[in-house]
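I opened a new page today.

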Amino acid sequence: AAGRRIVFRSGGDGSGRVYVMDGDGTGRRRLTDADAIETMPALSPDGDRVVFPTDRAGGRKLWIQRVDGSQGRFLEPDRLDVPDTSMHPRFSPDGRWVVFTSDRAGFNDEWPLTWFPQPYGDLWAVPVAGGAAVRLTQNKWEDGPNDWGYAQLRELGRATGGLRQTSGVRFERRDDVREDAS
């Protein structure tokens with residue numbers, strides 16, 4: 001489904017808007033009108049939703065909405081007043097999670113290695129349906145931009161108990177695991 005649509009950012013008519021168009025390049029239309037900078041959009045596997053960082057509330061927070069423009073919301077509304085940056089979102093293969101980079105836990109020790117560290121921080125994942133984000137990495141190296149590969153699926157499974165390896169690098173959702181493990 002995602003191959004039938006292309007989602008992208010353009011600054012041609014403002015300070016960075018998100019657009020969608022058909023896979024053949026026709027049907028271009030703007031998805032966002034907020035007085036904000038919006039960038040790095042990602043399309044859900046079913047092609048129905050788009051997620052992207054926006055500075056609508058200050059900082060860079062993840063916004064998700066349907067491709068038709070409806071049902072827009074912040075993925076983590078409880079973090080709107082927290083000064084952090086969430087970037088490079090990607091949907092999980094099943095569309096239930098968004099993995100992203102965030103500096104919310106700070107940087108470990110990239111400062112001595114470069115003039116300025118990459119502003120990615122660690123990898124995190126947040127449920128599309130709502131809930132707390134799960135930290136996937138914690139190390140001194142840059143962890144972004146990301147994609148859903150074996151490492152991210154393995155770390156999400158370890159962090160939540162919600163995925164289990166079935167064979168090779170295939171994972172399936174375990175619905176018998178409670179979201180709140182406390």
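**Entry 1: a hairpin and its strands**

I began with strand 2 and strand 3, which form a hairpin with six residues between them. In the turn, Gly-25 has a positive phi of about 90 degrees. Strands here are DSSP runs (E, at least two residues), as helices are DSSP runs (H or I, at least four), all numbered from the N terminus. I noted that this is a predicted model, where local features need pLDDT of at least 70, side-chain atom pairs count only at pLDDT 80 or more, and totals for chains, interfaces and linings use all residues. Residues are numbered from 1 along each chain as its sequence is written, and side-chain values use heavy atoms, with hydrogens and water left out.

Two bridges join strand 2 to strand 3 (residues 29-30), and the two run antiparallel. Two strands pair if DSSP finds at least two bridges between them. Val-20 stands opposite Arg-29 of strand 3.

Next I looked at the other partner. Strand 1 (residues 5-10) is joined to strand 2 by six bridges, again antiparallel. Ser-10 has Arg-17 in strand 2 as its bridge partner.

Buried means under 20% relative accessible area, exposed means over 50%, and partly exposed is in between (1.4 Å probe, protein chains only).

I then traced an open sheet of four strands, with the order 4-5-6-7 and antiparallel pairing. Strand 4 (42-43) and strand 7 (73-74) stand at the edges with a single partner strand each, so one side of each has no neighbour in the sheet. Strand 5 (residues 49-54) and strand 6 share six bridges. Phe-52 has Trp-63 in strand 6 as its bridge partner.

**Entry 2: the cores**

Which residues make up the largest nonpolar core? I found 12 of them, including Val-51, Leu-62, Phe-91, Phe-100 and Trp-124. Strand 6 (61-66), strand 9 (97-102) and strand 10 (122-127) each supply at least two residues of this core. A nonpolar core is a set of buried Ala, Val, Leu, Ile, Met, Phe, Trp, Tyr and Cys residues joined through side-chain atoms within 4.5 Å. A second, separate core has 10 residues, among them Val-20, Val-50, Trp-63 and Val-67.

Leaving aside neighbours within four places in sequence, Leu-62 is in contact (heavy atoms within 4.5 Å) with residues including Val-51, Leu-75, Val-98 and Phe-100.

Lys-61 lies in strand 6. Is Lys-61 buried or exposed? Lys-61 is buried, with a relative accessible area of 5%. Its side chain reaches the backbone oxygen of Val-82 at 2.5 Å and that of Arg-79 at 3.2 Å.

Arg-9 has its place in strand 1. Arg-9 is partly exposed, with a relative accessible area of 37%. The side chain of Arg-9 reaches the backbone oxygen of Glu-38 at 3.0 Å. The C-alpha atoms of Arg-9 and Leu-31 are separated by 9.8 Å, and the two residues are 22 apart along the chain.

**Entry 3: confidence**

Last, I looked up pLDDT, the predictor's confidence in each residue, from 0 to 100. The protein chain averages 76, and 64% of the residues score at least 70. Over residues 163-182 pLDDT stays under 50.

Definitions and conventions. Polar contact = N/O pair within 3.5 Å; in protein donor to acceptor, adjacent residues only side chain to side chain.
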